Amino acid sequence: MDKNFLLDTETARHLYHNVAADLPIIDYHSHLQQGEIAERKKFRNVAELWLAGDHYKWRLMRSSGVSEDFITGSKSDEEKFRAFCKVLPHAIGNPIYHWSHLELRRIFGIDLLINEKNAGRIWEEANAKLAQMDTWSLLEQAKVEIACTTDDPADDLLQHAEIAKSALKTRVLPAYRPDKAMRINKPGFVEYLGKLGKASGIKIGSFADMIAALANRVAFFHSQGARISDHAVDVALPVQPATAQQLEALFQKRLAGEMLTSAEEGQYIRAILTELGKVYAAHAWAMCLHIGAQRNNNSRMLGRLGADTGYDSISDMSCSEGLAALLDTLDSDDQLPKTMLFCLNPNMNDVLSTMIGNFQDGKVAGKLQFGPAWWFNDHKEGNLQQFVTLANHGVLGTSVGMVTDSRSFASYPRHDYYRRLLCRQLGQWVEGGEYPAEEVALEQIVRDVCYENAKRYFAL
């Protein structure tokens, strides 16, 4: 794992070291907390930076037999860190092994193997350097030009306004994530409508009112620099849309305290995506659809730790017909926004990479995007498969590249990982005789995929 890590051809090494390595980062989808940026949070130690809230590492530790006390429990930060270092060597082939060593080197300049023997020295050296760092320096050191957070429509974005006025070199922009409005069967949905209504100035008593309130907040987010929406699509979308009367009946049913059936929930979510898609198109936004997560599978641990604690997995639901119908409905009225399709199930790679070709209109290069390898696919093979699949069915050179999708300020070496793998794949095609060794064209592909395309596509 030296400077040429993953770069197995001369072409790959040239493209990475001379083009990709020093490009700025546009992280258009993350879960960084705007408050931690606004307050210039300093981390008390490397365990808080690395392990707090990182469900990737938590799953690895649980799978290695580490008890919950050393993960989310009462053990000290140093004990948790040492427990992680002890088990990491067993995770051969896991991207966390790669990411962690890249983070150690790029953030702290520490060139040690992470293991039980070196844990104490890493703890001391990393903490000494971390004492001089905060969220601002971590973003700037990683050359993050733009970072988009994930924000609820009812958020006042006051901390974003504070960040925008600050001296931080990284531009931090909100992104619109209306999950609470979409998850109609979740506890607290009715109460949330009151919060959304207060933020928008629209009393919500119907489905039409809710769409008006959400559209109002899109306009507000747009005024604060937002250009991207994001939606978790965890249910199968129906092929046939519900009528306006049916949607109002479903909405009133839920307001009365009843839960919707799975089919009714699908109709409701498709309707929200349809109506908001039109709003996004009017604002020239991009709509990101994250499809195929099966969340909170362990009810015992959900009750103990809450959501987003490492108990999610890949869903095998079918989505192609309903997704095509949604996109076609928007396209038929020329109101289809720029759209990115992410799917957690790698068996859907060919489905999505061919789906995007159905709705390209020649107005924007790669108007529909097959998103980069996401979540459980974000590993060596998953990234390589995404490159190959998109190249097979579309135009790899129009891809807008990588996102962290992370809550951690230490996660930016994942962009480095992605860039190394991209250069690796390009190098193999060139040296396998499948593409000419044309430096100008190859270097442009790397610059575009790693940086330029995202800047153009999202109009940031």
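Predicted model: local features only at pLDDT ≥ 70, side-chain atom pairs only at ≥ 80, totals over all residues.
Helices, at least four residues long, and strands, at least two, are DSSP runs numbered from the N terminus. L157 sits in the loop that joins strand 2 to helix 9 (158-164). Its phi angle is near 60 degrees, a positive value in a residue other than glycine. L157 has a relative accessibility of 1% and, because buried means under 20%, it counts as buried.

The relative accessibility of K143 is 41%, so K143 counts as partly exposed.

Helix 12 gives a friendly check on helix geometry. The helix has 17 residues (residues 207-223), and at 1.5 Å a residue it should span 24 Å. The C-alpha atoms at its ends are 25 Å apart, which agrees with that expectation. Buried residues in helix 12 are F207, M210, I211, A213, L214, R217, V218 and F221. Viewed down the axis of helix 12, these buried residues fall within an arc of 160 degrees, so they line one face of the helix.

Attention can now turn to the open spaces of the model. The largest pocket has a volume of about 1,300 Å³. Its lining is made of 44 residues, and R177, D179, R183, R295 and D308 are the closest to its centre. Several elements each supply at least two residues of this lining, including helix 2 (34-38), helix 4 (55-63), helix 10 (179-182) and helix 11 (189-200). Strand 4 (228-233), helix 14 (262-282) and strand 6 (293-294) are also among them. By class, the lining of the largest pocket holds 13 nonpolar, 13 polar and 18 charged residues.

Searching the whole structure turns up four cavities of 30 Å³ or more. The largest cavity contains about 80 Å³ of space. Its lining consists of A52, G53, D54, H55, Y56, D405, S406, R407, S408 and R414. Two of these lining residues are nonpolar, four are polar and four are charged.

The second largest cavity contains about 60 Å³ of space. It is lined by F342, C343, N349, F370, G371, P372, A373, W374, N377, G382 and Q386. Strand 8 (338-343) and helix 18 (380-393) are the elements that give two or more residues to this lining. In the second largest cavity, the lining residues divide into six nonpolar, five polar and no charged.

Cysteines complete the picture. A disulfide is counted when a pair of cysteine sulfur atoms lies within 2.5 Å, and by this rule the model has zero disulfides. For C319, the nearest cysteine sulfur is that of C343, 5.0 Å away, and C319 is in no disulfide. C343 is also one of the residues that line the second largest cavity. With a relative accessibility of 9%, C319 counts as buried. C450 is likewise in no disulfide, and the nearest cysteine sulfur to it, that of C423, is 6.1 Å away. The relative accessibility of C450 is 9%, so C450 counts as buried.

Note on methods
Residues numbered from 1 in each chain as written. Heavy atoms only, no water. 1 Å grid on protein atoms, 1.4 Å probe; cavity = no way out; pocket = protein on both sides within 12 Å on 5 of 7 lines; lining within 4 Å. Points joined across faces, edges and corners; volume = space filled by probe spheres on them. Nonpolar A, V, L, I, M, F, W, Y, C, P; charged D, E, K, R; others polar. Buried < 20%, exposed > 50% of the residue type's maximum accessible area, 1.4 Å probe, protein only. Expected span 1.5 Å × (residues − 1). Arc of directions from axis to C-beta.
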